[in-house]
Amino acid sequence: MRVILLGAPGAGKGTQAQFICQRFGIPQISTGDMLRAAVKAGTELGLQVKEVMDSGGLVSDDLIIGLINERITHGDCANGFLFDGFPRTIPQAEALVEAGIDIDHVLEIAVDDEEIVGRISGRRVHPGSGRVYHLEHNPPRETGKDDVTGEALIQREDDQEETVRKRLQVYHTQTQPLVQFYRGLSEAKGTPKCSRVEGVGTVEEITSRVLAALS
Ligand code: AP5
Ligand code: ZN
């Protein structure tokens with residue numbers, strides 16, 4: 001199964017991706033996680049993208065499309081994949097169409113901007129795996145430590161309020177039009193299936209909605 005998860009920054013894409021990938025046995029492909037890993041490793045790609053990521057802007061389409069084209073050739077994508085944070089612009093979505101990569105399901109997680117600002121300020125992540133926690137809504141078992149490895153959790157560079165507001169603005173102008181794009185594609189070709197779930201509620205509630213929509 002090939003799935004695209006759409007949603008504003010902090011909508012819960014990374015949180016729900018973990019459950020979807022477990023259920024369907026597909027890898028999570030998060031362009032954000034891939035870029036952050038490159039920044040952390042200090043690779044050429046990392047040096048190129050750090051500034052734009054920290055400011056809440058988008059990395060160039062060409063770079064992202066190259067990254068995805070390389071990633072989906074890996075053997076673990078044989079049964080499909082889940083895109084988390086990609087595509088994010090119309091040209092990125094068009095690149096998938098041009099490459100003949102058909103998507104089965106586009107799922108949008110809808111959350112209001114004000115809720116998002118609160119969520120992101122409490123977010124903590126495990127940089128090695130991309131596992132996501134929240135100080136109140138989804139705390140780790142031991143304060144400040146990843147449940148699986150016990151390693152330290154960190155706060156993302158782009159999670160300051162001002163940057164979050166910029167990311168939300170970028171989402172509304174550049175990424176939200178993809179909902180219409182995929183509805184149009186669905187009407188013309190009969191695929192992908194497009195669904196929208198309300199993203200406010202407990203993590204478990206959203207997981208049931210998401211899995212029900214995908215089944
Ligand atoms: P990316 O990493 O994709 O960030 P994002 O889209 O801004 O999304 P987030 O990771 O912030 O949020 P999420 O929806 O995954 O929410 P989460 O589950 O963590 O991209 C980062 C940057 O990389 C971009 O700004 C851009 O510069 C660049 N980039 C990446 N992809 C790109 C592309 N394709 N093209 C160009 N540039 C690209 O949840 C958030 C918090 O809420 C957590 O603390 C979580 O525990 C908590 N939470 C989750 N669910 C709930 C709930 N139901 N109730 C309460 N709290 C909850
Ligand atoms: Zn994420």
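**The ligand and its shell**

Modeller: At least two residues each of the shell around ligand 1 come from α1 (13-24), α2 (31-41), β6 (132-134) and α9 (203-214). This is a predicted model, in which local features need pLDDT of at least 70, side-chain atom pairs count only at pLDDT 80 or more, and totals for chains, interfaces and linings use all residues. Residues are numbered from 1 along each chain as its sequence is written, chains are lettered from A and ligands numbered from 1 in the order in which they are written, and side-chain values use heavy atoms, with hydrogens and water left out.

Biologist: Which residues come nearest to ligand 1?

Modeller: They are T15, G57, R123, Y133 and R167, out of 35 residues around the ligand. A residue is near if one of its heavy atoms lies within 4 Å.

Biologist: How do you know that R123 makes a polar contact with ligand 1?

Modeller: A polar contact is a pair of N or O atoms within 3.5 Å; within protein, one must be able to donate a hydrogen and the other to accept it, and residues adjacent in sequence count only if both atoms are side-chain atoms. A polar side-chain atom of R123 is 2.6 Å from an oxygen atom of ligand 1, so the pair falls within the cut-off. For R36, a polar side-chain atom is 2.9 Å from a ligand oxygen, and for G10 a backbone N or O atom is 2.7 Å from one.

Biologist: Why are α1 and α9 called oblique to each other?

Modeller: Their axes, lines fitted to C-alpha atoms over the stretch in contact, with angles from 0 to 180 degrees between N-to-C directions, come within 10 Å and cross at roughly 45°. Under 35 degrees counts as roughly parallel, over 145 as roughly antiparallel, 65 to 115 as roughly perpendicular and the rest as oblique; α1 and α9 are therefore oblique.

Biologist: Which residues does a cis peptide bond join, with omega about -10°?

Modeller: F86 and P87, and P87 sits in the loop between β3 (81-84) and α5 (90-98).

Definitions and conventions
Helices (H or I, at least four residues) and strands (E, at least two) are DSSP runs, numbered from the N terminus.
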